[in-house]
Amino acid sequence: MSSDDETGAAVRDAFSLLGHEIRLEILLALLEDWHAVHTEPRSYAELMDAVGMRDSGKFNYHLDKLRGVYVREVEDGYVPTAAVTALYRAVLAHRPTERFAYESTPIDSACPRCGDRAVLRYERGFVTVACSACEEWPGFTYPFPKNGFAERSADAIARATARRARHHVGLARTGQCPFCAGTIAVDLHLEDEADIVELSCTSCTFLVSVDPLSTLLRDGHVAAALAEIGVDLERADWELPMPETRVESREPVRVALAVTGDEGTVTVVVDDSLSVRSVDIDR
């Protein structure tokens, strides 16, 4: 069996366990008073009562199906596993059964190519910031749960999505997937027209393509140096100065990113894993 087949089988098994009302009621009863690691166990009798069942044989059959996967037995009863709490959070964040539409809305930001006003769109769970006038700028796109739209303006949504992306990309650069904690593969695409870094998880579906500078903005040394030359890191990634990229060496790989601000230029040198090798400031 190929790894893809194994993954598909594992996903089918995981979803199939949720395909019965009694099992769902058991999980909802366990999640009702969830407090992370401090969640109080519920006894067998309490769970039966919460689900409203009197047939212990039938109840035990469905509980056994969940044991070890979505339910863990401890000394004082049963608690939900990390797997089911992650699924629960995902449902609350994305609300898949609710229809959600969002019209294209202008925001207080400009296209970095033509200077015209940017707009915010939402499609298929992705926030996109794009130019309202030209097609020269590829724009910014990142997944954002629909739950995040509550009580936020278009500008606030754009900022929240940008912060979320920067946080996730910063963690991925260190080698850890922000969603499944798997390892990250780094692929540098350094071309004449667009320099792109692709970060992909070897275990789940996490995949981003970003400019090299965006991967470094949460590095303490890089952030401090950029602040020294007047680069405001509170601004969204697309509003920051575009770095000049040059390949200094291919064996070993060394890539230099030169960022010019109002008070000088910062040159950051990274290797093929995006580890920072040096940070220099030229005033």
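How does Glu 248 count at 46% relative accessibility: buried, partly exposed or exposed? I come back to that in point 4. Here are my notes on the structure.

1. A word on the model. This is a predicted model, so please read the distances and areas below with that in mind.

2. Salt bridges around Asp 64. The structure holds ten salt bridges, and I picked out a few of them. The side chains of Asp 64 and Arg 67 meet in one, with 1.8 Å from N to O. Have a look at that contact in your viewer. These two residues also belong to a network of salt bridges that takes in Glu 73. As for cover, Arg 67 is partly exposed, as its relative accessible area is 25%. Asp 64 is also partly exposed, with a value of 39%.

3. A buried pair. Arg 173 and Asp 219 form a salt bridge too, and here the closest N and O atoms are 3.2 Å apart. Arg 173 sits in helix α6, while Asp 219 is in the loop between β9 (207–210) and α7 (220–228), so this pair ties together parts that are 46 residues apart in sequence. Both partners, Arg 173 and Asp 219, are buried. Buried here means under 20% relative accessible area.

4. Back to Glu 248. Its salt-bridge partner is Arg 246, and the closest N and O atoms of the two lie 3.3 Å apart. To answer the opening question, Glu 248 counts as partly exposed, because its relative accessibility is 46% and the exposed class begins over 50%. Arg 246 is partly exposed as well, at 36%.

5. Strand β10. Thr 245 is found in this strand, which covers residues 244–250. With 22% relative accessibility, Thr 245 counts as partly exposed; the cut-off for buried is under 20%. Glu 234 is eleven residues away from Thr 245 along the chain, and the C-alpha atoms of the two are separated by 23 Å.

6. The second largest pocket. Glu 234 turns up again here. About 320 Å³ of space lies in this pocket. It is lined by 17 residues, and those closest to its centre are Arg 159, Ala 162, Glu 234, Arg 235 and Ala 236. Which element gives the largest share of the lining? That is α6, with seven residues. Both β3 (105–110) and α6 (154–173) supply at least two lining residues each. By type, the lining divides into nine charged, six nonpolar and two polar residues.

7. Strand β3. Thr 105 is found in this strand. Thr 105 is partly exposed, given its relative accessible area of 25%. Val 129 is 24 residues from Thr 105 in sequence, and in space the two are 9.6 Å apart, C-alpha to C-alpha.

8. A nonpolar patch on the surface. Three residues make up this patch: Leu 28, Tyr 88 and Leu 92. Together they have about 250 Å² of accessible area. Tyr 88 has its place in helix α5, residues 82–94. At 33% relative accessibility, Tyr 88 counts as partly exposed. Residues need over 30% to be part of a patch.

Notes. Residues are numbered from 1 along each chain as its sequence is written. This is a predicted model: local features need pLDDT of at least 70, side-chain atom pairs count only at pLDDT 80 or more; totals for chains, interfaces and linings use all residues. Side-chain values use heavy atoms; hydrogens and water are left out. On a 1 Å grid over the protein atoms alone, a cavity is a set of points where a 1.4 Å probe fits but cannot get out, and a pocket is an open set with protein on both sides within 12 Å along at least five of seven lines; lining residues have an atom within 4 Å of a point. Grid points are joined across faces, edges and corners, and a volume is the space filled by probe spheres set on the points. Helices (H or I, at least four residues) and strands (E, at least two) are DSSP runs, numbered from the N terminus. Ala, Val, Leu, Ile, Met, Phe, Trp, Tyr, Cys and Pro count as nonpolar, Asp, Glu, Lys and Arg as charged, and the others, Gly among them, as polar. Patches are made of residues with over 30% relative accessible area and no salt bridge: like charges are joined within 9 Å, nonpolar side chains (Val, Leu, Ile, Met, Phe, Trp, Tyr) within 5 Å. Accessible areas come from the Shrake-Rupley method with a 1.4 Å probe; for residues, only the protein chains shown count as cover. A salt bridge is a side-chain nitrogen of Lys or Arg within 4 Å of a carboxyl oxygen of Asp or Glu. Buried means under 20% relative accessible area, exposed over 50%, partly exposed in between (1.4 Å probe, protein chains only).
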